Amino acid sequence: MRRQGYEHAFRIDKKENYVTSGFYDDEFTLMMYHPNKDAKIYYTTDGTDPILGVSPVYTEPITVSTEGVTIKAIAISDGYLVSEVASIEVPLYNQAQQP
């Protein structure tokens, strides 16, 4: 199945998330969210665990290229402990170029 401009959601309070693999003609966006709307989300795109106050803070959907990535995220909110690390593996496969 070929997909263009596809958007996926990554729910931070679920330990494992999944993205449908397939042929992607282009980059797509990945939204991250937590049921606690006041939670601040820290994330990485290189498969390492995010670090509070060091890793980027999620503010808008991120673009996922056609290289495939493992994204990890944590969430924190006033009065709560830091969440467990949630991860999503994005297996992307580009269709081979026509000669």
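What pattern does the chain follow, read along the sequence?

**Figure 1. Overall view of the chain in the predicted model.** The pattern is β-β-β-β-β-β-β-β-β-β. The chain has 10 strands and 0 helices. Of its 99 residues, 32% are buried. Contacts between residues at least 6 apart in sequence include 53% that join residues at least 24 apart.

**Figure 2. Close-up of the aromatic pair formed by Y43 and Y58.** The structure contains 1 aromatic pair. The ring centres of Y43 and Y58 are 6.4 Å apart and the ring planes stand at 80°, so the pair is edge-to-face; the cut-off for that class is over 60 degrees. Y43 belongs to strand β6 (residues 40-44), while Y58 sits in the loop between β6 and β7 (62-64), so the pair ties together parts that are 15 residues apart in sequence. Y43 and Y58 are both buried.

**Figure 3. Close-up of the salt bridge between D49 and K72.** The structure contains 1 salt bridge. In it, the side chains of D49 and K72 meet at 3.2 Å, N to O. D49 is found in the loop between β6 and β7 and K72 in strand β8 (residues 69-76), so the pair ties together parts that are 23 residues apart in sequence.

**Figure 4. Accessibility of D49 and K72.** D49 has 44% relative accessibility and therefore counts as partly exposed. K72 has 19% relative accessibility and so counts as buried, the cut-off for buried being under 20%.

Notes: Residues numbered from 1 in each chain as written. Predicted model: local features only at pLDDT ≥ 70, side-chain atom pairs only at ≥ 80, totals over all residues. Heavy atoms only, no water. Phe/Tyr/Trp six-rings, centres within 6.5 Å; stacked < 30°, edge-to-face > 60°. Helix = DSSP H or I, 4+ residues; strand = E, 2+ residues; numbered from the N terminus. Buried < 20%, exposed > 50% of the residue type's maximum accessible area, 1.4 Å probe, protein only. Salt bridge = Lys/Arg side-chain N within 4 Å of Asp/Glu carboxyl O. Contact = heavy atoms within 4.5 Å.
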